[in-house]
Amino acid sequence: MLERFYPDCICPSTYDINFEELYEKGVRGLIFDIDNTLVPHGAPADKRAKALFKRLSDLGFACCLLSNNGRHRVEMFNKDIHVHYIYKAGKPSVANYKKAMELMGTRPETTVFIGDQLFTDIYGAKRAGIPNILVRPIHPKEEIQIVLKRYLEKIVLHFYGKDQKKS
């Protein structure tokens, strides 16, 4: 039952992902959560995020930001990034994961989703058939509803770890 929340891969940080390897494997589209995946909650795009998206563009990736935040937050982050974006995405609903792929011209098998939350980001990507990477949250300061979800995530990740050892 908990397997539906298991990530396909876990990486310490978005900035540690080997994007060149993903490209070599045929991935052409990347969908990103913003808060605590790319920058601390509510922060604008920093130098590291700007450099990442420049690098991804140079590699040939199409990118899309998929956020449950409102328009102002997403547009403020994207101001210097200039990629596709969807705000008020309703994650884990599948609809906007599919819309993101339409915007990028990709399919589930050529797309990867990157996010920091199991019950919204990863679960939605899995429901949409998109390979996914769970990253550790960048900053511990989070809204109360996310703090509560983190406790449940620890339980799921405990069982994930046990299942990984079995295989």
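Ala 128 counts as buried, at 11% relative accessibility. Buried here means under 20% relative accessible area, exposed means over 50%, and partly exposed lies in between (1.4 Å probe, protein chains only). The model is predicted: local features need pLDDT of at least 70, side-chain atom pairs count only at pLDDT 80 or more, and totals for chains, interfaces and linings use all residues. Residues are numbered from 1 along each chain as its sequence is written, and side-chain values use heavy atoms, with hydrogens and water left out.

**Ala 128 and helix H5**

Ala 128 sits in the loop between H5 and S6. Helices (H or I, at least four residues) and strands (E, at least two) are DSSP runs, numbered from the N terminus. Leaving aside neighbours within four places in sequence, Ala 128 is in contact with Val 94, Tyr 97 and Pro 108. Contact means heavy atoms within 4.5 Å.

Helix H5 covers residues 118–127. Seven of its 10 residues are buried, so H5 is largely enclosed by the rest of the structure. The buried residues are Leu 118, Phe 119, Thr 120, Asp 121, Ile 122, Gly 124 and Ala 125. Gly 129 follows H5 and has a positive phi, near 80°.

**Aromatic pairs**

The structure holds eight aromatic pairs. Rings of Phe, Tyr and Trp (its six-membered ring) pair if their centres lie within 6.5 Å; planes under 30 degrees apart count as stacked, over 60 as edge-to-face and the rest as tilted. Phe 5 and Tyr 123 form a tilted pair, 4.8 Å centre to centre with 45° between the planes. This pair links distant parts of the chain, 118 residues apart: Phe 5 is in the segment before strand S1 (9–11), and Tyr 123 is in helix H5. Phe 5 counts as buried, at 15% relative accessibility.

Phe 19 and Phe 32 make another tilted pair, because their ring centres are 6.4 Å apart and their planes stand at 50°. Phe 19 lies in helix H1 (residues 19–24) and Phe 32 in strand S2, so the pair ties together parts 13 residues apart in sequence. Both Phe 19 and Phe 32 are buried. Ring pairs also link Phe 19, Tyr 23, Phe 32, Phe 53 and Phe 61 into a cluster.

Thr 37 is in the loop between strand S2 (29–32) and helix H2 (47–59). Thr 37 is buried, with a relative accessible area of 0%. Leaving aside neighbours within four places in sequence, its contacts are Thr 14, Tyr 15, Ile 114, Gly 115, Asp 116, Val 135 and Ile 138.

Arg 71 belongs to helix H3 (residues 71–78). Its relative accessible area is 47%, so Arg 71 is partly exposed. The C-alpha atoms of Arg 71 and Val 39 are separated by 17 Å, and the two residues are 32 residues apart along the chain.

Asn 96 is in helix H4 (residues 95–104). Asn 96 counts as buried, at 16% relative accessibility. Beyond neighbours within four places in sequence, Asn 96 is in contact with Leu 66, Ile 86, Lys 88 and Ala 89. The C-alpha atoms of Asn 96 and Leu 66 are separated by 7.6 Å, though the two are 30 residues apart along the chain.

Each of these residues has a listed polar distance. A polar contact is a pair of N or O atoms within 3.5 Å; within protein, one must be able to donate a hydrogen and the other to accept it, and residues adjacent in sequence count only if both atoms are side-chain atoms.

| Side chain of | Partner | Distance |
|---|---|---|
| Thr 37 | Asp 33, side chain | 2.8 Å |
| Arg 71 | Glu 75, side chain | 2.8 Å |

About 220 Å³ of space lies in the second largest pocket. Of its 10 lining residues, the closest to its centre are Leu 134, Arg 136, Pro 137, Glu 153 and Leu 157. On a 1 Å grid over the protein atoms alone, a pocket is an open set of points where a 1.4 Å probe fits, with protein on both sides within 12 Å along at least five of seven lines; lining residues have an atom within 4 Å of a point. Grid points are joined across faces, edges and corners, and the volume is the space filled by probe spheres set on the points.

Strand S6 (132–135) and helix H6 (144–166) each supply at least two lining residues. H6 gives the most, with four. By class, the lining has five nonpolar, no polar and five charged residues. Ala, Val, Leu, Ile, Met, Phe, Trp, Tyr, Cys and Pro count as nonpolar, Asp, Glu, Lys and Arg as charged, and the others, Gly among them, as polar.
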